[in-house]
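Have your viewer open and your selection tool ready.

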Amino acid sequence: MEAAFAESHSRFEIPGTAEVVPGNGGLPKVRIASPAAVGEIYLHGAHVTSWKPAGEEEIFFLSSRSRWEDGHAIRGGVPVCFPWFRGKPGDPQSPAHGFVRTTAWRIESIAQVGGAVAVTMFTESDERTKKWWPAEFRLLHRVTFGRELSLELVVTNTGRTSLRFEEALHAYYRVGNVEIVRARALDALHYYEGTDLHHKQNQLGDIMIGSETDRIYLNTKDTIELEDPLLHRRICVAKENSRTTVVWNPWAQKEHSLSDFADDEWKKMICIEPSNVSDFAVNLAPGQQHSMKSAVRIVNI
């Protein structure tokens, strides 16, 4: 079985730089090791689980209780949410945040891009996806691991009818203590809190986390800066073709209801998510393509 696994992926590998290996729970992952950065992305969900630019500590949070198995999303890293965000309206039995984050994606290519390594994976509609969503689509996730981390989601409508979808790069950033970090660049913008999509609220100043936070910021374009005084770094999250930004932390009470979080792990993470959700869901005509991009860089402070 291991020989078959190695043979099926060996043509994509870059010896000494990018290898396809069994990861946690036996799930296959691409392991990157270059002078610019080390990182990991699983075929399960096309899910980035690690990125460390040269000379830096780990950027992403992973729960110690994450379930590494088919049918379950990885808790932490960068899950891909598509074609809906949160629950599917009118269908409480549907998988939260869509079905692609628990799908086994396929590798399209692994390539060196200057000093960085670009890993491209894809998934597409089939009989299994049509049980949840009737659309015909192809979804590509291209992640470039370097001194900067670039992520791109490309959706193609391969069917004969228009489709409407939500999408998010649900990134969990590792922090020293979430109660003292600050997120900047959302001042004066409107947001929805939780599932209340009828009452817009207004952000005043920087975002500081002092309770359960689950917000969709609307009409956002600017780079978000997450300042972390304990880890002495600023995480800068830029984006393109993304009109909303989600900020999430479960806090203590909600964390206890999530079996794949360990006690007090909420203190060590915050999600900042480039997205197109709610009022800003994407409409795509037959044959059209849509791309959403995010770029993450680290500044020491």
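Select Cys 81 to begin: in this predicted model, Cys 81 is buried, with a relative accessible area of 0%.

Next, pick Cys 236. Is Cys 236 buried or exposed? Cys 236 is buried, at 3% relative accessible area. Its closest cysteine sulfur is again in Cys 271, but at 18 Å, so that pair is too far apart for a bond. With a disulfide requiring sulfurs within 2.5 Å, the count comes to zero disulfides.

Move on to Gly 176, in the loop between strand S12 (172-174) and strand S13 (182-184). Despite the loop setting, Gly 176 is buried, with a relative accessible area of 9%. Show its contacts beyond four places in sequence and you will find Asp 228, Leu 230, Leu 231, Lys 267 and Lys 268.

Last stop: Asp 260. Where does Asp 260 lie? Look in the loop between helix H3 (251-256) and strand S20 (269-276). Asp 260 has 12% relative accessibility and therefore counts as buried. Leaving aside residues up to four places away in sequence, Asp 260 touches Ser 63, Arg 65, Ser 66, Ala 73 and Arg 75. Display those side chains together with Asp 260 to see this set of contacts.

Conventions: Residues numbered from 1 in each chain as written. Predicted model: local features only at pLDDT ≥ 70, side-chain atom pairs only at ≥ 80, totals over all residues. Heavy atoms only, no water. Helix = DSSP H or I, 4+ residues; strand = E, 2+ residues; numbered from the N terminus. Buried < 20%, exposed > 50% of the residue type's maximum accessible area, 1.4 Å probe, protein only. Contact = heavy atoms within 4.5 Å.
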